[in-house]
Amino acid sequence: MMANAEVLSGEVNLEQVEPLPEDFDPAEVIKDPVPLVVEREVGVNGEAGNGEEKKERQIVLGKNVHTMCLEVTEPDADDEVTGDREAYMASVLARYRKSLIERTKYHLGYPYNLDFDYGALAQLQHFSINNLGDPFIESNYGVHSRQFEVGVLDWFARLWEIEKNEYWGYITNCGTEGNLHGLLVGREVFPDGILYASCESHYSVFKAGRMYRMECEKVKTLVSGEIDCEDFKAILQRHKDKPAIVNVNIGTTVKGAVDDLDMVIRTLEETGFTQDHFYIHCDGALFGLMMPFVKRAPKVTFKKPIGSVSVSGHKFVGCPMPCGVQLTRLEHINALSRNVEYLASRDATIMGSRNGHAPIFLWYTLNRKGYRGFQKEVQKCLRNAHYLKGRLRDAGIGAMLNELSSTVVFERPQDEEFVRKWQLACQGNIAHVVVMPNVTVEKLDDFLNELTEKRKLWYQDGKFQSPCVASDMGKDNCLCVLHK
């Protein structure tokens, strides 16, 4: 999980890397053959081609990792004497580390902050720190970091405006677990409730619906990716006899759209749902920690009738391992919590054992940066996102940027190898870059320069043209031949 201080700090000294085989190519991960896009002809009515056909893009999956996995083998009898096995493993790790350095240079499409320095925490790697059970009640297992965990939870409780004696929460193993827990609390509060979520919600929301066997209604979205409250109201009207469990997105996965929490609440109330008849979970995976530092941004606060909020710790905060923070109202948690004699504690979490290192990393970053530090990073991300959008449009590439977002959406590149190299996240005809604190203007320039050069090749003979993305991003953001 953690290597040495040098690796954790992010200060890489390549001269200290063990010599690599002569045939080792650090760009090998990039240049591996990429599966071709499988296309089938579809007619205007969705049937097989009939003269007026269009191409329906099929999902391009990554390589089967079994073709390149590292085999685990039994040591030879004399390995302790010869040291051959240690030398082999050291060379494998050196090669892997070199590939990580190379891949990190081309990381743009996923919301992970890679700008961190945790060298001071390397001294803790020798301990098996486990926060199993309730973070507020010690268990008999003494090697834990609950004191750090509760300190982090209190920090987020202040951010989201709820008193210490009114909330319960824990540090999760990932953002998905936060959604699974928040929606589980909603289901326990309203066992017959219906789950409502926009069609652009993170896939974990619908995973939760399947896991908990919840009736689920997908709500349409506006072109921005924000929930369409007119459609939401129409669907609510059909189910007024059952409680509503609503997922509100504080930044959608692809477009970074922020659902209007106040309008969602107003829609519920106008449709006849009183506060004792609905539960709202706010999925703030990335932007839940950015929005509090954006001027004029709507507030996510427990002073409004919401039930829970979750954010990811490995995204904007920059924790090197997946983790997250989930907060809910204390009054709701008793439905889930159980005494566990084996632990000498209680448990209301999804997982039993929980990474005890993650709270320390989060505590360390929150103390180093504080509110002012995060505010500066948010401003930098938004400024650079606007720079990227402007340069894309100047290059004749359709692009969109939501007001409260650092996710820049644009035409999907034609070359899947280019997509893999820059690790872009794609959906249909669009792709996005998530501008994080580690993404510099220089990195964006490198990306843009390569993209513009590639486009000259893709469109040089006039056979292909830029795709129309008006239905994905709106006519004003599309620069195809019809909408320029």
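H11 and H13 cross in a right-handed sense. The model is predicted. Here H11 covers residues 357-394, and H13 covers residues 441-458. The two helices pack at an angle of about 20°, and their axes lie 11 Å apart. That angle makes H11 roughly parallel to H13, because angles under 35 degrees count as roughly parallel.

Now look at the side chains. On the H11 side the contact is made by Asn384, Tyr387, Leu388, Arg391 and Leu392. They meet Val441, Leu444, Asp445, Leu448, Asn449 and Leu451 of H13. Sorted by class, this contact between H11 and H13 has seven nonpolar, two polar and two charged residues.

H11 has another packing partner to follow, H5. H5 runs over residues 146-159. The angle between H5 and H11 is about 30°, with 8 Å between their axes. This pair is therefore roughly parallel too. The crossing of H5 and H11 is left-handed, whereas that of H11 and H13 is right-handed.

Which residues of H5 meet H11? They are Phe148, Glu149, Val152, Trp155, Phe156, Arg158 and Leu159. Facing them in H11 are Pro359, Ile360, Leu362, Trp363, Leu366, Tyr371 and Phe374. The class count for H5 against H11 is twelve nonpolar, no polar and two charged residues.

Next, two single residues. Start with His181, a residue of helix H6. H6 spans residues 175-189. Is His181 buried or exposed? His181 is buried, because its relative accessible area is 0% and the cut-off for buried is under 20%.

Thr104 has 38% relative accessibility, so Thr104 counts as partly exposed. Not counting residues up to four places away in sequence, Thr104 touches Leu114 and Lys443. How many residues separate Thr104 from Gln423 in sequence? The separation is 319 residues. In space, the two are 9.6 Å apart, C-alpha to C-alpha.

Conventions:
Residues numbered from 1 in each chain as written. Predicted model: local features only at pLDDT ≥ 70, side-chain atom pairs only at ≥ 80, totals over all residues. Heavy atoms only, no water. Axes fitted to C-alpha atoms, helices over the stretch in contact; angles between N-to-C directions. Helix = DSSP H or I, 4+ residues; strand = E, 2+ residues; numbered from the N terminus. Parallel < 35°, antiparallel > 145°, perpendicular 65-115°, else oblique. Left-handed = near helix turned anticlockwise from the far one by under 90°. Contact = heavy atoms within 4.5 Å. Nonpolar A, V, L, I, M, F, W, Y, C, P; charged D, E, K, R; others polar. Buried < 20%, exposed > 50% of the residue type's maximum accessible area, 1.4 Å probe, protein only.
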